[in-house]
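This briefing goes through the model by topic. The sequence and structure come first, and the notes follow.

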Amino acid sequence: MERFIDGDATAFDALFTRHAPTVRSYLQRLTGSSAAADDLTQVTFVSVVRGRGRFQRGAKVKPWLYAIATNAARDAGRRQKFESVTDEGVLPEQEAEGAPQRDFGLEKAVKSALAQLPEAQREAILLHRFEGLSFAEIAEQVGLTESAVKVRAHRGYEKLRELLKGVWP
Amino acid sequence: MTPEQKLENAVRNVGGASKDMSALAAAARAELSANPKARAWWVDGLMVLGLNVVMGITAAKMAEWNDEQHHSAMTKYAIGIAWFVFMALASVLWLKPGSAKQRWALGVGFIAVSFATIGALSGFDPGGAFMDGVWCAIAECKVAIIPVALVVALSTRFAAQTSHLLIGTFAAASGGAVALHFHCPNGTASHVLVFHVLPALVLAALAIAVRAMWKPKSFVP
């Protein structure tokens, strides 16, 4: 990260290779759209380059990247609504070509349930449970207290359970 | 596979993957080659500080000095210095990345200096029309408007929160507050509160509203 801040292009490539796939996956879960995830991944890494002077040397890179991705998704969400799952729950082509053990019915239900969660609760659940960020790290990046983030996540889990009744363990 | 693992997998699979990750890096690589040198956040802060100092000193030099507002010469200068200290800290630190706690502390600082100003007033009422008060508010806004515009413009370089704009605008308004502190002859609390402090809050609300309409150049916190 230090070398990248100083303008080293190879350091940027290493950063991108390491983090871009997970950031993109997070954005797809957050927006429910593959095309939006691609666009927002580009926007996220352009932001990383433009705003690298604001990175606090010695801080963790991953929470910072997810904060940028979340901010970009929020901004895009305010300006335009993402494509949503149809009533028939058609998934993008690339997902339908997956391994046979995948439960597409469940994935459709999960995607639809995630889309129905309020934005703040969806972010808290995805960042904590699926991206492995601590509540403290999320709180630091979104400018809230740790307990406020926990409350958001708790409410989100409750709603998700309700939406996925019969599926949620 | 347990139901929990099934659900975890389902959520992970909703993430998917891009067909060409490398293509997603192209715009960032072009940006990096165009701007290989990173701009430190405090450089912008020093720019705001410089402008605030210039505007504050220019305004202070242009108007006639009055002592009627103050309880004593000591409180007059002590509070003038407090406004300068607040201006110096807030002009730079409103941009500092990281926790919002420091910005809220600066907000408390602004309130404290405002209350100290009111607490040290002489109570002298020169009379005059309501419009005399309005002129004070207009003067403060005139001194602050360019620095506030700079604060809003700089805030588009990152994902600015309300607290960033609030403190940035208070810093910009403090130049005008210093000028009014030394030049306004009115020593009543209602006048200072309505025509010296309130304009800073109005400017902050305007800055937040304008910034909300502006698309940011970067989403870094």
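Among contacts in chain A between residues at least 6 apart in sequence, what share join residues at least 24 apart? The share is 68%, two residues being in contact if their C-beta atoms, placed from the backbone, lie within 7 Å. The model is predicted: local features need pLDDT of at least 70, side-chain atom pairs count only at pLDDT 80 or more, and totals for chains, interfaces and linings use all residues. Residues are numbered from 1 along each chain as its sequence is written, while chains are lettered from A and ligands numbered from 1 in the order in which they are written.

**Chain A overall**
- Chain A has nine helices and zero strands; both are DSSP runs numbered from the N terminus (helices H or I, at least four residues; strands E, at least two).
- Of its 169 residues, 43% count as buried, that is, 20 or more other C-beta atoms lie within 10 Å of the residue's own, with C-beta atoms placed from the backbone (exposed: 12 or fewer; partly exposed: in between).

**Domains of chain A**
- Chain A is assigned domain 1 (1–79) and domain 2 (104–169), with bounds from an automatic or database domain assignment.
- Their centres, taken over C-alpha atoms, are separated by 20 Å.
- The contact takes 12 residues from domain 1 of chain A and 15 residues from domain 2 of chain A.
- On the side of domain 1 of chain A that touches domain 2 of chain A, α2 (9–31) and α4 (61–79) each supply at least two residues, and α4(A) gives the largest share, seven residues.

**Helix α9 of chain A**
- The 18 residues of α9(A) (146–163) should span 26 Å at 1.5 Å a residue, and the end C-alpha atoms are 26 Å apart, which agrees; the expected span is 1.5 Å times one less than the number of residues.
- Val149(A), Arg152(A), Ala153(A), Gly156(A) and Leu160(A) are buried in α9(A).
- They cover an arc of only 95 degrees around the axis, so they lie on the same side of α9(A); the arc is that of the directions from the helix axis to the C-beta atoms.
- The buried residues of α9(A) pack against α6 (104–116), α7 (119–130) and α8 (135–142) of chain A.
- Ser147(A), Glu158(A) and Glu162(A), on the other side of α9(A), are exposed.

**Chain B**
- Domain 1 (3–34) and domain 2 (41–213) are assigned in chain B, and 46 Å separate their centres, taken over C-alpha atoms.
- Helix α8(B) (162–183) is mostly covered, with 19 of its 22 residues buried.
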